[in-house]
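I opened my notebook to look up how two chains meet.

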Amino acid sequence: MDKIFRVNMTNLTTRVETVPAAWAGHGGRGLTSTIVAAEVPADCHPLGLNNKLVFAPGLLSGTAAANSGRMSCGAKSPLTGTIKESNAGGTSAQMFARMGIKALIIEGLPADDKWYNLHLTKDGVTINEETALVGKGNFAVIDAVSERLGKKVGVITIGPAGEMKMASANISVKDPDSKIRSHGRGGLGAVMGSKKIKYISMDDAGAPGVTIADPEKFKTAARIFAKALLDHPVSGQGLPTYGTNVLVNVLNEAGGLPTKNFRYGQFAGADKISGETMHDTIVERGGKPKHGCHAGCIIQCSQVYMDKAGNYLTSGFEYETIWGLGADCCIDNLDDIALADHHMDDIGIDSIETAVMMGVAMEGGVLPFGDGKGVIRLIKDEIGKGTPLGRILGGGAAHVGKTFGVTRVPVVKGQGIPAYDPRSVKGIGITYATSTMGADHTAGYTIATNILGVGGSVDPLKKDGQVELSRNLQIATAAVDSTGMCIFVAFPALDIPECLPALIDMINARFGISLSGDDVTNLGKHILKLERAFNIGAGFTNMHDRLPEFFSEPVPPHNAVWDFTGEEIDEFWNF
Amino acid sequence: MKITVKLFASFRDGRFKVEERDTPAGTVCRQVVLELGLKEEELGVVMVNGRHAPLEQELQDGDSLALFPLVGGG
Ligand code: SF4
């Protein structure tokens, strides 16, 4: 039977609870948001006594369903002040599910100045004082915990940025190669740091595993689903070959690759940092062009990127990171960006927030545009060491903009705008504006339809149809984020008719229920409304669903401007 | 007339990245695609001067035609 593990850091007690009926149908984002909305006062301080940090595997995590190993983490965000869910691969979602942990809820704050670790088994949680690993980077923590407890244990950890409660701190998760995947966005690492938990280890020895109500039906649906993933050209060929970074050239061509802190839509050095170049570099140096972030991923958009000498530099090297330090900061050296990515993983800060922040810092004169070595130094020696400048930078793009008097600050609700210019790809602008999470491309990925021709086509430069497109995708995404599925299953789901029904069939077969497509849509709507209600309680209004003023400046090459009125944006919530 | 053709991702294999080509006036995108030995069903994104274009679109002198297989990321 599934259980809730609850940890109270104020009195250092733990409990195993049965799952309340109201939570039974939820998993992943649906569950973290439900728990945060139910138990966290919306007006609390994100780093204070009343915030809670919640981890929940998806509804299908721990089963044989392809790509179902994503873990959701939720809390009130220190970066945005909104509700937050950030999901990641790695080995922990599957271990949670096998141990029957529906959610882990961490509440309270320790009264003393000590650091702790948590250890999870199928029977419960123990809280232990931690001294040796405090101040250490994530790679060292994962290695040391594997050394202490064995190679097979799962690890969820924060680096120095989380310990210092920086608003861009992330939470890192051990992947199948003992490297790192991250709950990146929203500063959830700072919440874990506020609770003085350096790491969470887990051992699923003797765990009961996941029971499937209708194994035959499950197997049939799983086969159809996996075939759709492999048959679609994006998930079957493009992603495993070039990674997500294949997008650099596409967005550059479309004039939507934000360059020099969102001044231009094209970058002269694009080909040097493109997925095509990255693929050739990886092959030449003996790295791995394709790699999964969790066991059971059959798309494998990740990779292992080596340095010139053939040593491991980074993995999970994503388009957004490469765009952000590349085009947005005008750095055309892929090795510099890879080394920066390595340090960001080790220190434990979100690579999107940090890249957008660096663009703002360059705007503010902290370092020149194009200074790759300068970026590496700031990450390692200022942010990583928590110098006064490092603490300012670690606060994220909005924070740095204020500190240096910059007005060109690409954020919504305090979160850095990722890799697609909202003026020349207007659908994603609606997603940035309205997402309950602050600017977030994954919340409703209109790039598929605006740029890539997946799921139909909507002209990226025109306003027509964008609000509806973003709404439909945000509803669908909220539901998919509850299943434990990687969001890239959306590519086949949008184009191959059997794919989505197979996904729903797997959920039905797993739990012995009979959800329809409409039920799933309603679940997505319910989650979005629940998250929005939390944000309203936290003081957000429709006036926060707006893009920064500077997007009224035309962006070359199409000289597109952000021309949605407030009323047009507010239409989003009419469902 | 002169046009620039840009190829991306797997379309570069055994072909080129960027090439200037001389084509007769009235050439449409589809003709260039076929001349390159690409199949219509392999195409993901077709852009002329950075805007999505149908294969029937007639090319003008100085145009830049970009061809991508179906790719994605995020
Ligand atoms: S496709 Fe990429 S992000 Fe998705 S599960 Fe696989 S490796 Fe992870």
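**Entry 1: the interface**

I began with a salt bridge: D271(A) pairs with K17(B), and their closest N and O atoms are 2.6 Å apart. The term means a side-chain nitrogen of Lys or Arg within 4 Å of a carboxyl oxygen of Asp or Glu. Between chain B and chain A the count is three salt bridges.

I noted the ground rules. This is a predicted model, where local features need pLDDT of at least 70, side-chain atom pairs need 80 or more, and totals for chains, interfaces and linings use all residues. Residues are numbered from 1 along each chain, chains are lettered from A, and side-chain values use heavy atoms, without hydrogens or water.

Next I looked up the contact (heavy atoms within 4.5 Å). It takes 28 residues from chain A and 21 from chain B. The buried area is about 1900 Å², and carbon and sulfur atoms give 59% of it. That is accessible area (1.4 Å probe) lost on putting the two parts together, summed over both. In chain B, L70(B), V71(B) and G74(B) lose the most area to chain A, together 31% of what that side buries.

**Entry 2: the largest pocket**

A pocket is an open set of points on a 1 Å grid over the protein atoms alone, where a 1.4 Å probe fits, with protein on both sides within 12 Å along at least five of seven lines; lining residues have an atom within 4 Å of a point. I found 31 residues lining the largest one, with L473(A), A476(A), T477(A), V480(A) and A490(A) nearest its centre.
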